[in-house]
Amino acid sequence: MKNIYLIGMPSSGKSTLGKELAKNLGFSFTDMDKLIETREQKTISEIFSNQGEAHFRELERKTLHGFQPDQSMVIATGGGVPCFFDNMDYMKKNGISIFLNVELEDLAKRLYKAQGNNRPLLDKSQSEEAVIATIKKTFEERLPFYKQADIQVDGEISVNQLLWLIESYVPVQ
């Protein structure tokens, strides 16, 4: 079966939901950020600060294009993956893309709590209001890419609801 690509903002639940989804489908699960960190033997933040965002985005592209179609995988992408190069087109051509859309307020709370957890685009010394403003700006920039997903769901969706959507999904030709 085709791969399933979960897209959305950081802390939108891609990895948590992805693991459950993969288990239910009998697929393997991969978190792209964790895979990149393992391969590079550095955290995402270290890659950003030592080699820059452009290098990191190229690593994401190479990692994404390394997944062969029809591998029966659920892949949690990094939040920016759909927004660079031909990544969104690649995902749509080679699998089913699913956008987990979490309310900005909920996202802000999750990200503010996780500020120290390897979020390179957030300044760890920012106030909660500044974090919310940064998240809102980033979300607005990424939304046109996220909206290209084959399936768009509320971030609070259950695995069973998502399974039903995937089973009933018929791509537009």
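**View 1. Pairing of strands E2 and E3 in the predicted model.** In this predicted model, strand E2 (residues 28–31) and strand E3 run parallel and are joined by four bridges. One of the residues involved is serine 28, whose bridge partner in E3 is methionine 73.

**View 2. Pairing of strands E1 and E3.** Strand E1 (residues 3–7) also pairs with E3, in the parallel sense and over three bridges, and here leucine 6 has alanine 76 of E3 as its bridge partner.

**View 3. Side chains of strand E3.** In a regular strand the side chains alternate between the two faces of the sheet. Along strand E3 (residues 73–76), Met73 and Ile75 point one way, whereas Val74 and Ala76 point the other way, and all of these residues are buried.

View 4. Serine 15, which lies in helix H1 (residues 14–25), is listed by UniProt under "binding site" in an unreviewed entry. With a relative accessible area of 23%, serine 15 counts as partly exposed, because the limit for a buried residue is under 20%. When its neighbours within four places in sequence are left aside, serine 15 is in contact with Phe29, Asp31 and Ala76.

**View 5. Aromatic rings of phenylalanine 48 and phenylalanine 56.** Two aromatic pairs are present in the structure. Phenylalanine 48 and phenylalanine 56 have ring centres 5.1 Å apart and ring planes at 45 degrees, so this pair is tilted; both residues are buried.

**View 6. Arginine 61 and the ring of phenylalanine 85.** The charged end of arginine 61 is placed over the ring of phenylalanine 85, at 5.8 Å from the centre of that ring.

Conventions
Residues are numbered from 1 along each chain as its sequence is written. This is a predicted model: local features need pLDDT of at least 70, side-chain atom pairs count only at pLDDT 80 or more; totals for chains, interfaces and linings use all residues. Side-chain values use heavy atoms; hydrogens and water are left out. Buried means under 20% relative accessible area, exposed over 50%, partly exposed in between (1.4 Å probe, protein chains only). Helices (H or I, at least four residues) and strands (E, at least two) are DSSP runs, numbered from the N terminus. Two strands pair if DSSP finds at least two bridges between them. UniProt positions are given in the numbering used here, feature names are shortened, and annotations may be inferred rather than shown by experiment. Contact means heavy atoms within 4.5 Å. Rings of Phe, Tyr and Trp (its six-membered ring) pair if their centres lie within 6.5 Å; planes under 30 degrees apart count as stacked, over 60 as edge-to-face and the rest as tilted. A charge sits over a ring if NZ of Lys or CZ of Arg is within 6 Å of the ring centre and within 35 degrees of the ring normal.
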